[in-house]
Amino acid sequence: MLSDEIEKAQHLVKTDAFTMSIGEIVSMYDDSEIVVDPEFQRLFRWNSSQKSKLIESILLGIPIPSIFVFEKDDGKWELIDGLQRISTILEFMGKLKNPDGGLMPPSILEATKHLPSLHNTVWERSEKIIDLPLDEQVPLEKPFQLTIRRSRLSVEILKRPSNEQTKFELFQRLNAGGTQANAQELRNCIILMVNKDYFRSIKILAEGEDFKSVISVTEDQIERQRHLELMTRFLVHTYIPYDGTLDVEEYIDNGIVELATNNDINNNIECISLTFSLLNKIAGRDSLRRYDNGHYSGRVGLVGLEVIAVGIAKNITAISEMKNSEEFVLQKSRDFWSQPELENFTSPGLRGTIRIQRTVPFGEKWFKP
């Protein structure tokens, strides 16, 4: 019953909340009592205008949305929502640490609609500030520094014994409504939360020549994390069965968390390397494209990934042992596009939940030697 499911799920979450000054939060950061993962800085970045508008809001007394933290076993807080807000404040004050533990250069503000005098404003003059000479830096007056330090934020705390999965789900739900991050950027952060080494490994593979050639991504798509999205989908479809009950995005989210938690990265690396090396050899950027009347056409889509790449991956051990593996894969890849079953994978309005239940099993059987 729904009431039972709600009650059970509520027991997974234990929360607390109170209000703190920005100065107190900064002091906690200085003392390493609140963790802002530096690697996240490379995944999420506000531009100078967005940062300036946040500082403007604080100076004008406009309420800032709550931040959410997860209480770790050692009592420290891990920031799971509010990354850009807190990072912007820390960077402006010259307190934000980079992944190596050193300090990042302090930021410079731009003029805003209501506070045009913020142009070239800095927390204090510093030679570490990039692209603005000392004599052009405008230090923020002490009374306004105090205004920022004394401004208060609501802190929502996800407390133990809330489980790790709850943390990932909360992070995604809080961020999914924003415009700054797409689904894969959020997913990247979740993988980082679960297993940094796993994320780094699949990122290296997703940026490898074989994979990028086969999926044929543009620089703009890479900027939007399309290569990592396709790598994530490939891994989940290859290793995690799908029964159609979950939304596709939830299935991908849960699947990659499971893979990162199990951390069978060596097996994943071997499968990825063998599969995409083989595909790149036989047809390169055309490997996953539609083949018709002796010609490749169209773009790389999910059907090609789910049937061809995943189908090969699920049979990669047997295929690798074949003497004519390249000829076999090339012919099967081309013949697939003329099969009558193709209509069941590409019909207009077909939901992803249905398509995946058709494409992945078909590909596994189709590429079985």
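In what follows, buried means under 20% relative accessible area, exposed means over 50%, and partly exposed lies in between, with a 1.4 Å probe and protein chains only. Good morning, colleagues. The model is predicted, so local features need pLDDT of at least 70 and side-chain atom pairs count only at pLDDT 80 or more, while totals for chains, interfaces and linings use all residues. Residues are numbered from 1 along each chain as its sequence is written, and side-chain values use heavy atoms, with hydrogens and water left out.

I begin with the salt bridges, each a side-chain nitrogen of Lys or Arg within 4 Å of a carboxyl oxygen of Asp or Glu. The structure holds 11 of them. One joins R289 to D286, with the closest N and O atoms 3.4 Å apart. R289 is buried at 9% relative accessibility, whereas D286 is partly exposed at 22%. Salt bridges that share partners also join R187, R226, E229, R233, E249 and D253 into one network. R187 counts as buried, at 2% relative accessibility, and E249 is partly exposed, at 29%.

I turn now to T359. This residue is buried, with 0% relative accessibility. Its side chain makes a polar contact of 2.9 Å with that of E306; the term denotes a pair of N or O atoms within 3.5 Å, where within protein one must be able to donate a hydrogen and the other to accept it, and residues adjacent in sequence count only if both atoms are side-chain atoms.
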